[in-house]
Amino acid sequence: MFKNKRYLTAGIDASLPFPTQLLLWKMIDDMPEPKDYLQVFQLSKEIVDGKPVQKVHHKQEMPNYQEVAHLGILPAHDIKDGKIFVIDDGDHSTMLWAHEY
């Protein structure tokens, strides 16, 4: 799974910084098999060493998997809060905000 063409919705393209997009795809690529067709990312702001960083909580249901990463190279205004889905339908994979589903 997730070895096919990759797409973004207009909402992701317009509002999620490119470094964050790359991190999400990399987290999927680096996770162990088997992978669920639905990957869920919860984004939030966290303060680490007095500086704001992007916290990314990645999870899937079956089999159960969770990982947390921090991306600290973003300007504070690029740190996002929200839920993102990445769905593999067999032909392609799409990254979208949960509210776009």
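How much accessible surface does the chain have, and what share of it belongs to carbon and sulfur atoms? It comes to about 5900 Å², with 55% belonging to carbon and sulfur atoms (areas are from the Shrake-Rupley method with a 1.4 Å probe, and for residues only the protein chains shown count as cover). Keep in mind that this is a predicted model: local features need pLDDT of at least 70, side-chain atom pairs count only at pLDDT 80 or more, and totals for chains, interfaces and linings use all residues. Numbering starts from 1 along each chain as its sequence is written, and side-chain values use heavy atoms, leaving out hydrogens and water.

**Overall build**

- The chain has 2 helices and 6 strands, running β-α-α-β-β-β-β-β from the N terminus on (both are DSSP runs numbered from the N terminus: H or I of at least four residues for helices, E of at least two for strands).
- Its radius of gyration is 13 Å, close to the 13 Å that the globule rule gives for 101 residues, so the chain is as compact as a globular protein of that length (the radius is taken over C-alpha atoms, and the rule is 2.2 Å times the number of residues to the power 0.38).
- Along the principal axes, the C-alpha atoms fill a box of roughly 40 × 30 × 20 Å.
- Buried residues make up 41% of the 101 residues (buried is under 20% relative accessible area, exposed over 50%, partly exposed in between, with a 1.4 Å probe and protein chains only).
- Of the contacts with a separation of 6 or more, 59% are between residues 24 or more positions apart (contact means heavy atoms within 4.5 Å).

- Q60 sits in strand β3 (residues 51-60) and is buried, at 5% relative accessible area.
- The Q60 side chain reaches two backbone oxygens, that of P63 at 2.9 Å and that of P34 at 3.4 Å.
- Not counting residues up to four places away in sequence, Q60 touches M31, P34, K35, D36, L38, Q39 and Y65.
- P34 is in the loop between α2 (18-30) and β2 (38-48), and is exposed at 51% relative accessibility.

**The aromatic pair**

- There is 1 aromatic pair in the structure (ring centres of Phe, Tyr or Trp, its six-membered ring, within 6.5 Å; planes under 30 degrees apart are stacked, over 60 edge-to-face, the rest tilted).
- The rings of F85 and Y101 have centres 6.0 Å apart and planes at 85°, so the pair is edge-to-face.
- F85 lies in strand β5 (residues 82-88) and Y101 in the segment after β6 (92-97), so the pair ties together parts 16 residues apart in sequence.
- F85 is buried at 15% relative accessible area, whereas Y101 is exposed at 71%.

Note on methods. A polar contact is a pair of N or O atoms within 3.5 Å; within protein, one must be able to donate a hydrogen and the other to accept it, and residues adjacent in sequence count only if both atoms are side-chain atoms.
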